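This report describes one structure in two steps. A single residue comes before the contact between chains.

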Amino acid sequence: MRSSHFSVSSLIAGLLFIVIGAMFLLDAAGVWDLELWIVAPVLLIGLGIALITGSFNRSVT
Amino acid sequence: MTGRGPGTVEPVQPDSRRGFSATEVVLGMILLAVGIIWFLRSTDIVNMSWYVVFAAALVVIGLALVIGSVAGEQSGLISIGVILTAVLMLGSWMDLNFGGGVGDRTFAPASIEQVETSYETIAGTLRLDLSAIDFPEGETVIEAQVMAGRIQVIIPDDVALRVDWNVLAGDVEVLGQQRAGVVLDDSDASPGFDDASQRLILNLRVLAGQIEVYQ
């Protein structure tokens, strides 16, 4: 039987990709001028948080 | 028929069925969508930018991760999302539109009417011979991009030139100046460019390879 548990890291990474993907789509539509120097640190911060929370979750379970 | 007593324990059968994999389903959907869009672009039915396709794919991956988070960690999808974000950031920085064909291509327009505003190749050599062109007064802007390979541009002597170029990795030779390295981004102009009556501006982008401009 497969065991499954909620993954905080997947949730954070998912939300992050939705936001970044939407930013690129808005940029392509000409609605918003995308600044790469915003996306890059946001990506690193989000993935860092996702990794830390994921690791913390695993050690608790 | 085998009889079992009340204390007999049923042998545990290994479950040979594979569980649902969100990573495989989403990856399959993305490959399917990319294949369909590529086909539609190749047959000129739809001309959707790859930039939009990749951005939409990133949103789909994000949604799949959020939905799939209740079933556990989806490290495969996270890796794909990171790669896709890197590709999009690169495309945005270099203003790439992920278009063009594969192979060596030569364009030698005979008149200004035959000159296109943009030339693209995914992989190979893109050779643009503008030596026969009598450029009009004012500014003429031409863009060219190659993902992997080389851009060669030959321009006539009687036009003032400015070359705005980006190279992620490779080397550049513009108006006799040579540079090599990674993440190169610069602009070179011929003397008296701003005051010239005929001005040609080349926007050249290469992800990996060479840019060569000769006058």
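## A buried aspartate in chain B

B:Asp188 is buried, with a relative accessible area of 9%. It counts as buried because 9% is under the 20% cut-off. The model is a predicted one. Within chain B, B:Asp188 belongs to strand β6, which covers residues 177-189.

Two polar contacts of its side chain can be named. One joins B:Asp188 to the side chain of B:Arg179 at 2.8 Å. Another, at 3.0 Å, links the side chain of B:Asp188 with that of B:Trp165. With neighbours within four places in sequence left aside, the residues in contact with B:Asp188 are B:Leu161, B:Arg162, B:Val163, B:Trp165, B:Val174, B:Gln177 and B:Arg179.

## The contact between chains A and B

The size of an interface is often given as the accessible area lost when the parts come together. For chain A and chain B the buried area is about 2,200 Å², and 75% of it lies on carbon and sulfur atoms. Chain A brings 27 residues to the contact and chain B brings 28 residues.

One residue pair is in polar contact between the two chains, counting pairs with both residues at pLDDT 80 or more.

## The side of chain A

On the side of chain A that touches chain B, α1 (8-28) and α2 (36-60) each supply at least two residues. The most comes from α1(A), with 15 residues. By class, this side of chain A holds 17 nonpolar, seven polar and three charged residues.

Conventions
Residues numbered from 1 in each chain as written. Chains lettered and ligands numbered in written order. Predicted model: local features only at pLDDT ≥ 70, side-chain atom pairs only at ≥ 80, totals over all residues. Heavy atoms only, no water. Contact = heavy atoms within 4.5 Å. Buried area = accessible area lost by both parts, 1.4 Å probe. Polar contact = N/O pair within 3.5 Å; in protein donor to acceptor, adjacent residues only side chain to side chain. Helix = DSSP H or I, 4+ residues; strand = E, 2+ residues; numbered from the N terminus. Nonpolar A, V, L, I, M, F, W, Y, C, P; charged D, E, K, R; others polar. Buried < 20%, exposed > 50% of the residue type's maximum accessible area, 1.4 Å probe, protein only.
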